[in-house]
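Here are my notes on the model, as promised. Have the structure open while you go through them, and take the points in order.

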Amino acid sequence: MAGGGFLAQHWDEIATLTLEHLWLTGAAMLFATAISIPLGILIARRRGLARPVLGVVNTLQTIPSLAMFGFLLPLPFIGERAARIAIVALVGYALLPIVRNTYTGITGVDATVMDVAVAMGMTRGQRLMKVELPLAMPYILAGLRTATVTCVGIATIAAAVGAGGLGEFIFRGVASVDNRLVLAGAIPAALLALAADGFLGLLEWKLRVPGERRP
Amino acid sequence: MPAAIEFRSVSYRLPDGRALLHDVTLEVAAGTTVALLGKSGSGKTTLLRTVNGMHGISSGEVLVRGRPVASQDTIALRRSIGYVVQETGLFPHFTVGRNIGLVLEIEGRSRGEIQERARALLEMVGLHAEEFAERMPHELSGGQRQRVGLARALAAGQDILLMDEPFGALDPLTRAEMQDVLRNLTMHVQEKRTTVLLVTHDLEEALYLAERVVLLEDGRVAANLRADEFLSSTLPAVQAYVQAVRRRVGAHS
């Protein structure tokens, strides 16, 4: 069997593409988090914005990923580099779970707790940092978790526009009808997703609100 | 000396014109306890919340320590007034000690000072600091939670305490216990007695804790009497209220 030989032969490439995959997903998640958490807080403050904003990010989510990469291709600046296209597309998919969960988490904070926070003289910033965000954290982390797992999966499609990542193997494998190549991309991608899911799940458990039965 | 709290012709009207508070004039002398009685919807809670600026007014004036609420810094005003509600609203993610010290914490006091104060207050409400300071709110009984809520409301040296049905959710025995804890605390937490404005449905509680009892009806002051004169009052509104309450108590026992 050439299994051992195949691994030995492709080991370097698997490592490189895994790193590339990680970098694409990681960069996208950083941008998505930096946009989504403030956006979630904003729509929790101005409830009138919640529907339109969630509507837009929801629509982004419904665009088939291959089409999304295609749409971005002709755009100036973004379209110039494959990695940019991939990251922007991934950010688009990561927004919804984080925005929605930040919004749900903050609006779900017990009304009496917030009333007392105001009545005892906390400033807006103190209420956000000391009460709302910590109490919404399990929700926010659950959103990050969903977004990360989604991104790891969708990032495999980024290879279609030449952005690299583990999708390279999969596309090559499909083109040459070589399942070993498909698996060389799919297995590390699945492991990445599982690892991210496990790590964020652990964090979520660590930061859970004691005594609460919310997630 | 100015009254600790003074309402001058305070009215609050909803946009549709309905008045929740109607021309309320009332004084709470420093160091006294005034109980607000009345049916649900009579405006008790609304009136209480105008004191720390949690509720606006349409006309009139609310003064705290002789100065209009509207002209005071809201954040500083709120930090100087204790606030206790039936549901306690303890922060579920903070320990009991941190809950109690929270006003001091947001004022930026030192850790040592906060801890010392929190421990002292815990003892004053009858909970051993050693045992309770590091517990989480969900590990407490209803009565213990309310003790912590009370300690938190007074930890930063507040000399005015607003209480909205503070003991309404407790069983009768715990409730009686808490009334004594409150009395003791308002007398000893500072050199001067704490001023208390107390919203309650419980006539006995009002008579036990307050020097003056104010009966609200549809947002108006229907009676403002010394507690020891309340039951013998000939005011129709008071007689009707007392009778209604007594009938309810009778039906239950």
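1. Let's start with the open sheet in chain B: four strands in the order β2-β1-β4-β5, with antiparallel pairing. Strands here are DSSP runs of E with at least two residues, helices are runs of H or I with at least four, and both are numbered from the N terminus. Two strands pair if DSSP finds at least two bridges between them. At the edges sit β2 (19-28) and β5 (67-68) of chain B, each pairing on one side only.

2. Before going on, a word on the source: this is a predicted model, where local features need pLDDT of at least 70, side-chain atom pairs count only at pLDDT 80 or more, and totals for chains, interfaces and linings use all residues. Residues are numbered from 1 along each chain as its sequence is written, while chains are lettered from A and ligands numbered from 1 in the order in which they are written.

3. Back to the sheet. Strand β1 (residues 5-13) of chain B runs antiparallel to β2(B), and six bridges join them. If you want one to look at, B:V10 has B:V24 of β2(B) as its bridge partner. Helix α1 (residues 44-51) of chain B packs on this sheet and touches β1, β2 and β4 (59-64) of chain B. The direction of α1(B) makes about 60° with that of β2(B). Such angles run from 0 to 180 degrees between N-to-C directions, with axes being lines fitted to C-alpha atoms, for helices over the stretch in contact.

4. Which strand of chain B is largely enclosed by the rest of the structure? That's β9 (residues 212-217) of chain B, because five of its six residues are buried. (Buried means 20 or more other C-beta atoms within 10 Å of the residue's own, with C-beta atoms placed from the backbone.) Strand β9(B) pairs in the parallel sense with β3 (residues 33-37) of chain B over four bridges, and B:A35 has B:V213 as its bridge partner there.

5. Strand β9(B) also pairs with β10 (residues 220-226) of chain B, this time in the antiparallel sense over six bridges. Here B:L215 stands opposite B:A223. The hairpin of these two strands has two residues between them, and B:D218 takes a positive phi near 50°.

6. Now the chain A helices. Helix α7 (residues 167-175) and helix α8 (residues 179-206) of chain A pack at about 160°, with axes 7 Å apart. That makes α7(A) roughly antiparallel to α8(A) (the label goes to angles over 145 degrees). Contact residues, meaning those whose C-beta atoms, placed from the backbone, lie within 7 Å, include A:F169 and A:I170 of α7(A) and A:L181 and A:V182 of α8(A).

7. Compare helices α3 (residues 65-72) and α4 (residues 82-107) of chain A, which pack at about 130° with axes 9 Å apart. These two are therefore oblique to each other.

8. Last, the interface: 18 residues of chain A are in contact with 18 residues of chain B. On the chain A side, α5 (111-119) and α6 (124-154) are the elements giving two or more residues. The largest share, six residues, comes from α5(A).

Conventions
Parallel < 35°, antiparallel > 145°, perpendicular 65-115°, else oblique. Contact = placed C-beta atoms within 7 Å. Buried ≥ 20, exposed ≤ 12 C-beta atoms within 10 Å, placed from the backbone.
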